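Please look over the following structure with me before reading my comments. I have set them out as numbered points for someone new to structural work.

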Amino acid sequence: MKDFSGWIPTRIFWRDSRPMVDWAYLGGRRFTDPFFAQTVESCLRHPADLLFHHQTPLEELGEIAATQPGLRPTGFIFHMSRCGSTLTSQMLAALPSNIMLSEVEPIDDILGSHFKHPHVTVEQRAQWLRWLVSVLAWRRSPAEKNVFIKFDCWHVMHLPLLQCAFPDVPWIYQYREPVEVMASAMKQLGRQMIPGVLDARMFGWDAATVGKMSLHEYTARVLAKLCETALIETRAGRGKLLNYQQLPAAAWPALLKHWQVDFSAEEVQRMLNAARMNAKNPVLPFAPDSEAKRKSVPSELRELTERWLDGVYQALEAQRRLQGLD
Amino acid sequence: MDASKQSENLKRFGELVLADRTLHNQLRAAENISSFAGLAVRLGAERGLVFNEATVQNAVQEKRREWLERWI
């Protein structure tokens, strides 16, 4: 078998009806960028790495993972987007003992593979995810002992599958006052907020239903679907809720306890220090923006937020008080 | 030598690179696309695989385009 040490899977693609894996050479890099794609981008900066990289059948990933299994995932982070989840992941990434995988594209490729390839079964997707995560979670330095995965916001719709694939991994769902999320969304649209980019079936809609929605209504209703799914799953007792307002200091000890990880006082302080910086652009200091976001929202957006999101937000808050992180 | 034969040779050279970490690291030492293309041409020729710098540069550009268009 080829030697894949130092390499990471970067994409799942299909060739001649067969799922394949694209690899990139990670070398000695750690996953410290806010997003997985940024780390991959840096891996591909040199022409030698862009031009010459492995491509293997997905089945081979199973053999590789069996031969060299990675660390067991420590904790999962789901979120509604624009709610401080990158802050959480950057705090974890601050420690060399944590492998922080943030919005990993090949995970998204697998989770949504059945939409483009209807013959793909739930069992196959679960198995592929276990192989992929196992290889991504390889211990690449002796310090590494924990693995955290922050998913894309829409991956909460796949929570039942993810829990089937990783039943013992404690997870959280992070959320924020909806009007602040809507304000952020309108300032800079994410993939999940543009009608037609994500498969409408993920939300139980068809293309015609989506076609009748305005951009703002679509955003509000997608966010509502994410929060409703998280609410159902947390009510089933499988995860914990975390409000943006609890970050960083208030939630941190309870969060680490939930993930069953133990850090020294110095390590905790290092993570809290990371929270002083802007999570998505760590060269800048963090500046609170909730007030500005609330003020910037036009009345149409406020009405959509009230109609689609306020109810589920209040339900999440009630659930959090009942069993969330304190 | 025609372009398709050169591309085929570059592809075969890539297979050798992926099987040989020393060779891959040698190529990684190139400081820019131009010196990389020149180095790849020389190391390929040493192994009997002939292609020119333009073939290498076009292949790099094609890979970059594939990466940027992966969501389309």
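This is a predicted model: local features need pLDDT of at least 70, side-chain atom pairs count only at pLDDT 80 or more; totals for chains, interfaces and linings use all residues.

1. Residues are numbered from 1 along each chain as its sequence is written, and chains are lettered from A and ligands numbered from 1 in the order in which they are written.

2. The predictor gives the complex an ipTM of 0.94 and a pTM of 0.93.

3. Strand β4 of chain A (residues 75-79) has five of its five residues buried, so it is largely enclosed by the rest of the structure. Here strands are DSSP runs of E of at least two residues, helices are runs of H or I of at least four, and both are numbered from the N terminus; buried means that 20 or more other C-beta atoms, placed from the backbone, lie within 10 Å of the residue's own.

4. In a regular strand the side chains alternate between the two faces of the sheet. In β4(A), Gly75(A), Ile77(A) and His79(A) are buried on one side, and Phe76(A) and Phe78(A) are buried on the other.

5. Strand β4(A) runs parallel to β6(A) (residues 146-150), joined by three bridges, and pairs (at least two DSSP bridges) with β7(A) (residues 171-175) in the parallel sense over four bridges. Phe76(A) stands opposite Ile149(A) in β6(A) and has Trp171(A) as its bridge partner in β7(A).

6. The contact (C-beta atoms, placed from the backbone, within 7 Å) takes nine residues from chain A and 15 residues from chain B. Helix α2 of chain A (residues 47-51) supplies the largest share of the side of chain A that touches chain B, four residues.

Technical notes
A residue is buried if 20 or more other C-beta atoms lie within 10 Å of its own, exposed if 12 or fewer, and partly exposed in between; C-beta atoms are placed from the backbone. Two residues are in contact if their C-beta atoms, placed from the backbone, lie within 7 Å.
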